[in-house]
Amino acid sequence: MKKTFSTLFIAFMAFGSFAQQKVLFKLAPENNKPIKYEMINKMDIDGPQTLIMDMIMHMDLTYVETGDTSINVSGKYSYAKVDLDAGMMTASYDSSKEPTTDMEKMFAQQFKPLLENTLTYSMNKFGKINDVDFPNVSDQLFDKSSVNSFGVTYPTNPIAVGDSWTSENTMEQMGVKAKGKYTLVEKTAAGYKIDSDVILEDASGTSVGTSKGHFIVHPKSFITVSSSTVTSIEMQGASIKTTTELKSM
């Protein structure tokens, strides 16, 4: 009995010791080694016009460190699949197949710039993003602020399990400000788990929605391995719910 108690006590103390260990989350990617991601989006719009859209996209992200403080990132989409249900109308598009119907040809024309051009942006070693550029791609097709969904902006000081921090960014296409609280929850076999709790506000500062989920980041490079978020927002008489799953392949 004493031996069992001792073992449990040692395990408990070891866990407590780990929980108190502080780690500096500073990005350290492998240069010029593309990471392939799959992003699955499910959007449900309930309003004057009901719409359900499922989208799957594949992207390669490549990181290049430029000095001690910054990283240049390039992204190349390689695949897009869309299933659309607007009640009286349904449509599908798969970039790996030759379009045959007028609807598929329309989708192919819209997605062509996104699949043919390269997304670029820079960020500091703590994940703060700047200078987003996606030439020839319209804001309607790609919201530049969405690159924030690829990762987390980390605090500049070391943190331990249970610690929280905040960051803000603007979702330009939707015209809302995202005020996020992030918490380091645990270290798993896959990496560090970070919970996210984001409040979305309009220009007047009124809350119009939330985004909740988590990120798993690599234990050494601190690059996102996977993430899962659910965003709910009320805008212009419509209720929009979006579920996003991101994972490295």
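Grid points are joined across faces, edges and corners, and a volume is the space filled by probe spheres set on the points. The model here is predicted, so local features need pLDDT of at least 70 and side-chain atom pairs count only at pLDDT 80 or more, while totals for chains, interfaces and linings use all residues. Residues are numbered from 1 along each chain as its sequence is written, and side-chain values use heavy atoms, with hydrogens and water left out.

A search of the whole structure turns up 1 cavity of 30 Å³ or more. The largest cavity holds about 40 Å³ of space. Around it sit Tyr37, Met39, Met57, His58, Met59, Tyr77, Phe150 and Leu246. Strands E1 (35-46) and E2 (51-66) are the elements giving two or more residues to this lining (strands are DSSP runs of E, at least two residues, numbered from the N terminus).

By class, the lining has 7 nonpolar, 1 polar and no charged residues. Here Ala, Val, Leu, Ile, Met, Phe, Trp, Tyr, Cys and Pro count as nonpolar, Asp, Glu, Lys and Arg as charged, and the others as polar.

Next comes Asp94, found in strand E4 (residues 90-94). Asp94 is buried (under 20% relative accessible area, 1.4 Å probe, protein chains only), yet has no salt bridge (a side-chain nitrogen of Lys or Arg within 4 Å of a carboxyl oxygen of Asp or Glu). The nearest side chain of opposite charge, Lys97, is 4.3 Å away.

Technical notes:
1 Å grid on protein atoms, 1.4 Å probe; cavity = no way out; pocket = protein on both sides within 12 Å on 5 of 7 lines; lining within 4 Å. Helix = DSSP H or I, 4+ residues; strand = E, 2+ residues; numbered from the N terminus. Buried < 20%, exposed > 50% of the residue type's maximum accessible area, 1.4 Å probe, protein only. Lys, Arg positive; Asp, Glu negative; His and termini not counted.
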